[in-house]
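Take a look at the model below.

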Amino acid sequence: MKFIYGLLALMLTHTAVQAQEEKKEADSSKRKTITINKNGIHIDTTAIKVKKEEKVFEVEFGIVDIGINTIQDNTDYSSAAVKNFLQVPADFQNSNLFTMRSGKSINVNVYPLVGKFRVLKTKQQKIYMSLGLGLQMYNFRYNKNISYLNEAQPMVILDSIGFTKNKLGFTYLSVPLGFTFKTKLAEKAWLVYGVGISGGYRIASWTKQVSAERGKDKNHDKFNFNDFNSCLTGEIGLDGYFRLYASYQLTNLHENALEQKPFCIGIRIGGI
């Protein structure tokens, strides 16, 4: 989270600098008129409206998504591979084993740099193609006392103790590719919506468990998770006011046995 706060601070600093630069541009766009008459010399400064021309290609700085996670579970719990992977009593070998605390299962995506290319511009419609680089982060908070073990044969067990916190986390290096559309609704109101796809590489996966018996226990490992992921993404909002985003992972979270795909929804800060 310290890393995220640092990026947010950097984004705010960039916004402040950008505002100062815009003020300087506004000040430099004033016209001075000197009038000489019997009353003396008068200098009149009149502001000239200068419309900033949008470039065909630009770079956006700092896009952040904050939302909640859930999982679409398509696992066949009757298969031998699943029964072998889930080393839990038979009555727990179902999707209820992985129920989560939805309000505490958080998704955060941070894209420091996103390049955008304007494909189309009319009075009523704009279309952009974008490509970026950043981090996609999942945090899953489980209700039950499950533990992932990275043995010679990875497995999931029900632990013998109760956890006050039982979290599974991921960080992916993510490359999003998308198309953003803006449709004019009124003089200063544009509907913004878009679709895209992202590809990611897992750079970290870990579990964090807190209990009275063991204290805080954090374990970084691969467990049984895929190294790569791919997500379908979308957004909708009112440009300059608010944006909502959603993402659905097309690839399986696990290498084998379980078939689980994360789904996220939340708010977007910044954007094309």
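Start with a polar contact: the side chains of Tyr193 and Thr183 are joined at 2.9 Å. Keep in mind that this model is predicted. Tyr193 belongs to strand E10, which covers residues 189–211. Is Tyr193 buried, exposed or partly exposed? Its relative accessibility is 29%, so Tyr193 counts as partly exposed; the buried class needs a value under 20%.

Which residues does Tyr193 touch, leaving aside its neighbours within four places in sequence? They are Gln125, Phe179, Thr180, Phe181, Thr183, Glu235 and Ile236. Take Thr180 from that list. Tyr193 and Thr180 are 13 residues apart in sequence, yet their C-alpha atoms are 5.9 Å apart in space.

Now look at the strands. E9 and E10 run antiparallel, with 21 bridges joining them. Together they make a hairpin, and two residues lie between them. Ala186 stands opposite Ala189 in E10. Strand E9 (residues 165–186) also pairs with strand E6 (residues 125–141). That pairing is antiparallel too, over 15 bridges. Here Phe140 stands opposite Leu168 in E9.

Phe140 leads us to the rings. It is part of a cluster linked by ring pairs, along with Tyr138, Tyr148, Phe170, Tyr172, Phe223 and Phe225. How many aromatic pairs does the structure hold? There are eleven. Consider Tyr148 and Phe225. Their ring centres are 5.3 Å apart and their planes meet at 50 degrees, so this pair is tilted. Tyr148 sits in strand E7 (residues 146–149), while Phe225 sits in the loop between strand E11 (215–220) and strand E12 (228–238). The pair therefore ties together parts that are 77 residues apart in sequence.

Both partners are buried. Tyr148 has a relative accessible area of 7%, so it counts as buried. For Phe225 the value is 0%, so it is buried as well. Phe225 also forms an aromatic pair with Phe223. This one is edge-to-face, with 6.0 Å from centre to centre and 75 degrees between the planes. Phe223 is buried, like Phe225.

The charged end of Lys116 sits over the ring of Tyr128, 4.9 Å from its centre. Lys126 lies over the face of Trp190, and here the distance to the ring centre is 4.7 Å.

Definitions and conventions
Residues are numbered from 1 along each chain as its sequence is written. This is a predicted model: local features need pLDDT of at least 70, side-chain atom pairs count only at pLDDT 80 or more; totals for chains, interfaces and linings use all residues. Side-chain values use heavy atoms; hydrogens and water are left out. Rings of Phe, Tyr and Trp (its six-membered ring) pair if their centres lie within 6.5 Å; planes under 30 degrees apart count as stacked, over 60 as edge-to-face and the rest as tilted. Helices (H or I, at least four residues) and strands (E, at least two) are DSSP runs, numbered from the N terminus. Buried means under 20% relative accessible area, exposed over 50%, partly exposed in between (1.4 Å probe, protein chains only). A charge sits over a ring if NZ of Lys or CZ of Arg is within 6 Å of the ring centre and within 35 degrees of the ring normal. Contact means heavy atoms within 4.5 Å. A polar contact is a pair of N or O atoms within 3.5 Å; within protein, one must be able to donate a hydrogen and the other to accept it, and residues adjacent in sequence count only if both atoms are side-chain atoms. Two strands pair if DSSP finds at least two bridges between them.
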